[in-house]
Amino acid sequence: MENQPTLDIQSLKQECPGVDFDAPFQFNKEFTVGHYVLEFLPTTLEIIKNSPNIKNDTILKFVKADFKDFRLPITRTQFMRYLQCTEAFADDFMEAQSSHFAVTFKPKEHKILQKYETVPFKINPQSKTSTCNYGIVQQVQMEGQKFARKEQNITNDAVINSELEILLKAPENPHLISYHASYEQGGKFYFILSPWCDLDLDSFLKAPMNHISPVICDFGLSKIFNSESKSMKIGGTTYYISPEQARGEKVGRSADIFALGAIYLELGMLLFGIKRKGRKAIGFNGFYTIAESDSVGELLLLFEKEGYEDFCALFRSLLEKMLDKKPDKRPTAFEVWEMTQDILAILKLEHHCDGVSGSPVDSEPSQKEVEGSSSDSDEEEDCFLYKPI
């Protein structure tokens, strides 16, 4: 905050006409109202002067209430108790106070804030509050733009640092959440992210396909790595983790391919009208089966539809490769992308991301990288699915 200009009694009289600053404060002839404002209310006066809705001479209300700057910033409830004022006046002062103490952020800047400092991101009380594994998400607004504010306890240092690292290195992509800023205050860590989605799941599922633009907004247990590394513990959603991850073996991009294959499998079940009801999920295998003895191949045999033989064959082939029990037999991200292109071509559909700058890269680590990897690796090379051209 910038230093406030030096004031004197004469300046007060010019800025607040009609107020008798020469009047004694509480019958003390040597200490006037003007002296009280200069000593105890310079910040309050500055807040009032910068508000288009509050007249300067209302500073007298603060003098009569024996108010002092050390109480700032003050809550709305406390303010009304001290000033005995109307709700409209309290609202105007809260807005002016917030602007006065607000800090500014540069793009992708992180700040540690004091308790009295406020941020330019205002919570929209009409929006829904969502909960996630490590905190809550609310809609905030700044200068008419909507953002998502993710709040977490600072005790989750490892999770916060991992997510912040990913957000800082993530390339610009319409299907990745964008990091705007972050700050720490009062034992909490806040991410300011975009875009904000106003749709609930039901509305999203009913929206026209050409209006849907999925965005990865929670990186969960993700981490940045350049080569296969030893899993320190079993983590992730049971139905989607790979067999080697369940056994605590080395995991990497091939495990991500398996998880994506499990999602493709579920989508295929919906597409071919195969009901989940009555099906059992075998722990740590990543997919649903008709019975415990059934294999993925037997389930995929149900993916048949007359007139779509070529599509069904290619879709089954893709899933068989993605869900292979051996990590080194699974395709790379680039190969999955290529096969997906072929599937869309058969269906005469346009690829959803044709307008996105960049394409998936073949970033599968070599065998040498796998053998030389370690869980203590500090490598931070770019390894994202999409790279800018």
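Predicted model: local features only at pLDDT ≥ 70, side-chain atom pairs only at ≥ 80, totals over all residues.
Q: Which residues lie nearest the centre of the second largest pocket, and which elements give two or more residues to its lining?
A: The pocket has a volume of about 560 Å³, and of the 20 residues that line it, Lys115, Glu117, Thr118, Val119 and Gln185 lie nearest the centre. Two or more lining residues are given by each of helix 6 (87–101), strand 4 (122–123) and strand 8 (178–185).

Q: Which element gives the largest share of the lining of the second largest pocket?
A: By residue class, the lining of this pocket divides into nine nonpolar, six polar and five charged residues. By element, the largest share amounts to three residues, and these come from helix 6.

Q: Is Gln97 buried or exposed, and at what relative accessibility?
A: Gln97 lies in helix 6, and beyond four places in sequence it touches Ile47, Leu72, Pro73 and Ile74. Of these, Ile74 is 23 residues away in sequence, while the C-alpha atoms of Gln97 and Ile74 are 8.4 Å apart. Because buried means under 20% relative accessible area, Gln97 counts as buried, its relative accessibility being 6%.

Q: Which strands do the buried residues of helix 7 pack against?
A: The end C-alpha atoms of helix 7 (residues 157–169) are 18 Å apart, which agrees with the 18 Å that its 13 residues should span at 1.5 Å a residue. Ile160, Ser162, Glu163, Leu164, Ile166 and Leu167 are buried in this helix. An α-helix has 3.6 residues a turn, so residues three or four places apart point the same way. The buried residues of helix 7 pack against strand 7 (145–153), strand 8 and strand 9 (188–194).

Q: What is the relative accessible area of Tyr190?
A: Tyr190 has its place in strand 9, and leaving out residues up to four places away in sequence, Tyr190 touches Arg149, Lys150, Glu151, Ala181, Ser182, Tyr183 and Gln185. Its C-alpha atom is separated by 9.3 Å from that of Ile154, which is 36 residues away along the chain. Tyr190 is classed as buried because its relative accessible area is 11%.

Q: Which residue with a positive phi follows helix 10?
A: Helix 10 (residues 253–271) has 19 residues and reaches 26 Å from first to last C-alpha, close to the 27 Å expected at 1.5 Å a residue. After this helix comes a residue whose phi is positive, near 70°, and that residue is Gly273.

Q: What percentage of the contacts with a separation of 6 or more is between residues 24 or more positions apart?
A: The protein chain has 14 helices and 13 strands, and buried residues make up 40% of its 389 residues. Among contacts with a separation of 6 or more, the share from residues 24 or more positions apart is 58%.

Terms used:
Residues numbered from 1 in each chain as written. Heavy atoms only, no water. 1 Å grid on protein atoms, 1.4 Å probe; cavity = no way out; pocket = protein on both sides within 12 Å on 5 of 7 lines; lining within 4 Å. Points joined across faces, edges and corners; volume = space filled by probe spheres on them. Helix = DSSP H or I, 4+ residues; strand = E, 2+ residues; numbered from the N terminus. Nonpolar A, V, L, I, M, F, W, Y, C, P; charged D, E, K, R; others polar. Expected span 1.5 Å × (residues − 1). Buried < 20%, exposed > 50% of the residue type's maximum accessible area, 1.4 Å probe, protein only. Contact = heavy atoms within 4.5 Å.
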